[in-house]
Protein chains: 2
Amino acid sequence: MSTNKFVSESETDVIILGAGPSGLMTAYWMARYGIRTRIVDKCPTKVFTGHADGIRMRTLEIFDSMGIYHRVEHEAHPAVEPGFWVPGPEGNLIRQGPITPSQVFESPYHHMLLSQGRIERFVLDSIREYSDIEVERGVLAESLEYDETLGSTNEYPITVTLSHRGSDNDITIPGNLEDVEWDDLTRQRKRASGKKEIIKAKYIIGCDGAHSWTRKQLDIPFEGASTEHIWGVIDVVPISNFPDIRRLGTVTSPAGTILVIPRERKLVRFYVPVHVANDETPNGRFDRSTITPEKIKARVQAILSPYTFDFQILDWWTAYQIGQRIAPTFAKGDHAFLAGDAVHTHSPKVGLGMNVSMQDGFNIGWKVALVIAGVADPAILNTYNEERHRIAELLLEFDKLWSSYFTAETKPPEDGAPGKTENMIKVVEEFQSFADGVKAFYGDSPLVCKGINEHEGPAFAVHLVPGERVSPAKLRQPADATIRWSMGIMESDGPFRLVVLAGDIRDQEQKARVDALGSWLMGLDESKPSVLTRYTSIPGRFDSLVDTLTIHSAPWTEVEFFDFPDSLRPFDPVMGWGYEKIWCDDPCVWDRDCDGKAYERWGVDRVRGAMFILRPDQYVGWVGELEDVEGLTRYLDGFLIRKRHQVHSQ
Amino acid sequence: MSTNKFVSESETDVIILGAGPSGLMTAYWMARYGIRTRIVDKCPTKVFTGHADGIRMRTLEIFDSMGIYHRVEHEAHPAVEPGFWVPGPEGNLIRQGPITPSQVFESPYHHMLLSQGRIERFVLDSIREYSDIEVERGVLAESLEYDETLGSTNEYPITVTLSHRGSDNDITIPGNLEDVEWDDLTRQRKRASGKKEIIKAKYIIGCDGAHSWTRKQLDIPFEGASTEHIWGVIDVVPISNFPDIRRLGTVTSPAGTILVIPRERKLVRFYVPVHVANDETPNGRFDRSTITPEKIKARVQAILSPYTFDFQILDWWTAYQIGQRIAPTFAKGDHAFLAGDAVHTHSPKVGLGMNVSMQDGFNIGWKVALVIAGVADPAILNTYNEERHRIAELLLEFDKLWSSYFTAETKPPEDGAPGKTENMIKVVEEFQSFADGVKAFYGDSPLVCKGINEHEGPAFAVHLVPGERVSPAKLRQPADATIRWSMGIMESDGPFRLVVLAGDIRDQEQKARVDALGSWLMGLDESKPSVLTRYTSIPGRFDSLVDTLTIHSAPWTEVEFFDFPDSLRPFDPVMGWGYEKIWCDDPCVWDRDCDGKAYERWGVDRVRGAMFILRPDQYVGWVGELEDVEGLTRYLDGFLIRKRHQVHSQ
């Protein structure tokens, strides 16, 4: 490559440093809203093997709302019913468990395992589907200036210098790459130039991992410490007579505790303690670079004994030190944010890192995009740190408890006291909902209108809790016989979604309530402006940032699409009526999961219904009765920017 | 393109003329077994829009066994619960039905609708995955010589002259093509040359449609007749206030009867009678070329009245004449076969054409491949015509009944007699199992060892019927927690599959039975040669043409992988043990469809089990008890070629 020293200068709305799980999820939203974005990564290629692999329930729900769940489901390995192996009475190992997954009947989204590289591929493909945004790889950020005095609409507080190093010729690329991966590589190589460039941006989002350059430039501390416990990780095709070699679980023996993680393509990952700091080998005395796959293998062999263990195929390996660190804040001023490992690191053994990081990006992305697009109040950006910092704290708490068991010695329990493995099982069960990603969510803010009880919805919709996601239910689209899980219906496509649980409109009184709501939504009366037309739009992308979705509870054969008010079933002169806007909670004889119990699951009366707002990330923002158009308007007025002519007219 | 008149001459094992549904399914098997194959099609591009679109239960099962079901499921539109609209009392239309689909709790594979071009894409991708076979398009067969005196292993009875015309420049290609489609087009254009070539082949399979050139060359008649009823078909995005515009169904009004077929991408297909031959406009008087989309639209409008109907997007349209024709035989001599529309045509309104054609190809393909590979007796080729001709006869019978209702006048029923629509519903219900593709299957032959009762299995496995497919059941792989439908486990990957229903080996007597079978399968006693080692193989593809699959009935936690004999769980020094060879019929708390009722569904005792052979196309060939190794050997000896050294050793 020639080293062209020409320094170009350009502007963008957002620069994302790092194209791992959190960076890609942030970019997903930029793609959806059509925001000018640069996303760069210092590595010359994307990840193909190894790295993270655990995908939890809530992440799968998000994937379904993004339209990529089916790809994960097809390739990933299930990670349900973990088993815990402990020393038996005769020097053997015996299985405890398995533990049945929580919420089994409420969700199709169970813990799964798939290589980070595949997950990133799915998100990259989705970004490409909605935009021209492309990750630029082999690009190093060299300087960052942040003028916090700037910040009005057309100002660029961020200045970043980038160096395009391109890819080295000796990078390792695995065989059997998909065509799309080769295309990416080819384009990266064409672009690599050695050039430097200066980018002015309105926002910077640092998603650049545990050693985050951005975090350091922003002078945000990273609090906590690394231990001297050294762990090895191998992804192999195991050759072993251990019965659960392809099942999620732990194996505890006097020689130590390992974590066994079955994966796609016959791979299994092993997390293996190779050095535990103790009195004999105190801190600072162990050289991590002495670890080899052979040494890791020997440890697995010792722990799995008397079972055999070997492998011919080693797909990936690494060694790491356990450390728990967290940044005291995930934001600096109003224009710089950090996400993912850049602000929280922990042991990988809870299988949550990729999930929490993706959800960080999934949280900050739409907020920054809406502010850049001029449709939302910049004050919503404060909710990012509020919402995600607490999750990161809980993550570290869980990790501390869980990972301590892997380094603790295995002693016989004292009389009557639970043993180490019993305690491990207890921790798994206690943190299951948090690990699934469905517990302990967002607090009161302009974006979350909490009720009296933080953990409940209002009496008429007790399980629709502001700040939480909606429990999945399988629904039918009465107009066209489609059946889908609600997560796939409540798409993460950009707008705030007013979900009208219309109840049973065979009841005349109820029909009148729904019709009244429909009339108001039509916005014909200028003195009562509808939320569908009240706010600024994103021209070319979204005519309205508030969209509707109706779910009724009558049998599908007894209520027709055209029985609903016009505003709930929009019409397009080319594409016709929006049949996909009206669904029903009616059991289906040919799909057992479609049980007609969505209203029950959500705590909503089947006749009277309710309505609620889903934020773009599918968390409940507000819940009300069908008449509460004032409450609804007040909630949205709290952060959406009103159209100018409407401001004038009042 | 230059017209290079150089005539090359080459040899191949199989030449397939026509790359529609039947040709591609035939080629799928050639790809799987690694058979030298040429497949050509006269059209310059593959199908992108229109043509067939109905996919029935059995076809979906086959797709799952081929590994492409998930792609269909993701894109296709469900076609369940058809409704029948009839004239109401006040000049309006009213809905009768919907009809609940049959076998709803036994199968996840329900009638679906997706454009033929997408289905062909999935099969093409699968062919590419397993071989270098590529469809050559814009290639016309000009002459066929068939020397029926030839036919031994290295002779080529078939000589075909091909003319490579390439693609015209004015072919219509829709927007939004996938990359893979563009790649195909680009390669086709590079290859197109105007050259002629002579191909010598061992077998020819004519899959070249209703006007089959191959059929004519082989001098096989096409019996039956065309009617003068003219039909129009439009694929549109409808704009209509008819409530069931996106639901499968018929609409009968005094103006005629139409069929409504909802599809992917908001499309709906309408089958519309535009000219019914009767006394006023007798046969031979109507010019099909006068039909336009506008005329078809006007007919839909008349029939749907008082509902409105219009469209802006017309994706595809055509006009056709109904005809029912069938060839008296689907084979000529031992080396020429015909499949699909080349040997049976009918009205498209039963939505079965693509299915029966694909199943033709799915039937002939593996048989020809095994004979070419030298592993099976050429006599098995006779079963193709025996098995598929009867299905085609039934298809025409169903079609005659069904399509007559679309041209019949709608008269008020006589007192007490069922009306036209009642009769239509009766026909749908009567033919449901046949249309699903799960009834009336293959008769006794070397490949199907029927029992005493043609429609039942033996007393110990009463629902495992030789000649039929196995009812789907969801099973768990105990070693790795995977859960799959049996269709996906019983892969259409090439071998005959010995399915060992091992029963409950916690019972010691049963364990001894399974161990005895396992020892015999190991083949250590040369005087009792195992079916796993007895027959010739396909070097580089299959070490053995007989493979095992074990399904036991004990709880997964109580029986381990290593409790089964070695021969049922093969070992590979690089990839380790074949965990995917052992499954169990044990209910699963986190998947409602996995109900632990496979044995019950198959009529098999949970302790004693049974065993059976699946042919490569997943039809049951033979059923026996675990001791019946003689019966098993006799069945396979009937058509598989024994290894030479074994023949010598006895």
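Student: What makes the contact of B:Glu178 with B:Arg118 a salt bridge?

Tutor: The closest N and O atoms of B:Glu178 and B:Arg118 are 2.5 Å apart. A salt bridge requires a side-chain nitrogen of Lys or Arg within 4 Å of a carboxyl oxygen of Asp or Glu, so the pair B:Glu178 and B:Arg118 qualifies at 2.5 Å. Please note that this is a predicted model, in which local features need pLDDT of at least 70, side-chain atom pairs count only at pLDDT 80 or more, and totals for chains, interfaces and linings use all residues. Residues are numbered from 1 along each chain as its sequence is written, chains are lettered from A and ligands numbered from 1 in the order in which they are written, and side-chain values use heavy atoms, with hydrogens and water left out.

Student: Why is this pair said to tie together separate parts of chain B?

Tutor: B:Arg118 belongs to helix α4 (residues 116-130), whereas B:Glu178 is in the loop between β10 (158-164) and α5 (179-191), so the bridge links parts 60 residues apart in sequence. Helices (H or I, at least four residues) and strands (E, at least two) are DSSP runs, numbered from the N terminus.

Student: Why is B:Glu178 called partly exposed, and why is B:Arg118 called buried?

Tutor: Buried means under 20% relative accessible area, exposed over 50%, and partly exposed in between (1.4 Å probe, protein chains only). B:Glu178 has 31% relative accessibility and therefore counts as partly exposed; B:Arg118 has 16% and therefore counts as buried.

Student: Where does B:Asp125 lie, and why is it called buried?

Tutor: B:Asp125 is in helix α4 of chain B. Its relative accessible area is 18%, so B:Asp125 is buried. Leaving aside residues up to four places away in sequence, B:Asp125 touches B:Arg71 and B:Val180 (contact means heavy atoms within 4.5 Å).

Student: What makes B:Arg246 and A:Asp480 a salt bridge?

Tutor: The N to O value is 3.4 Å, so this pair also qualifies. B:Arg246 and A:Asp480 are both buried. Over all chains, a search of the whole structure finds 100 salt bridges.
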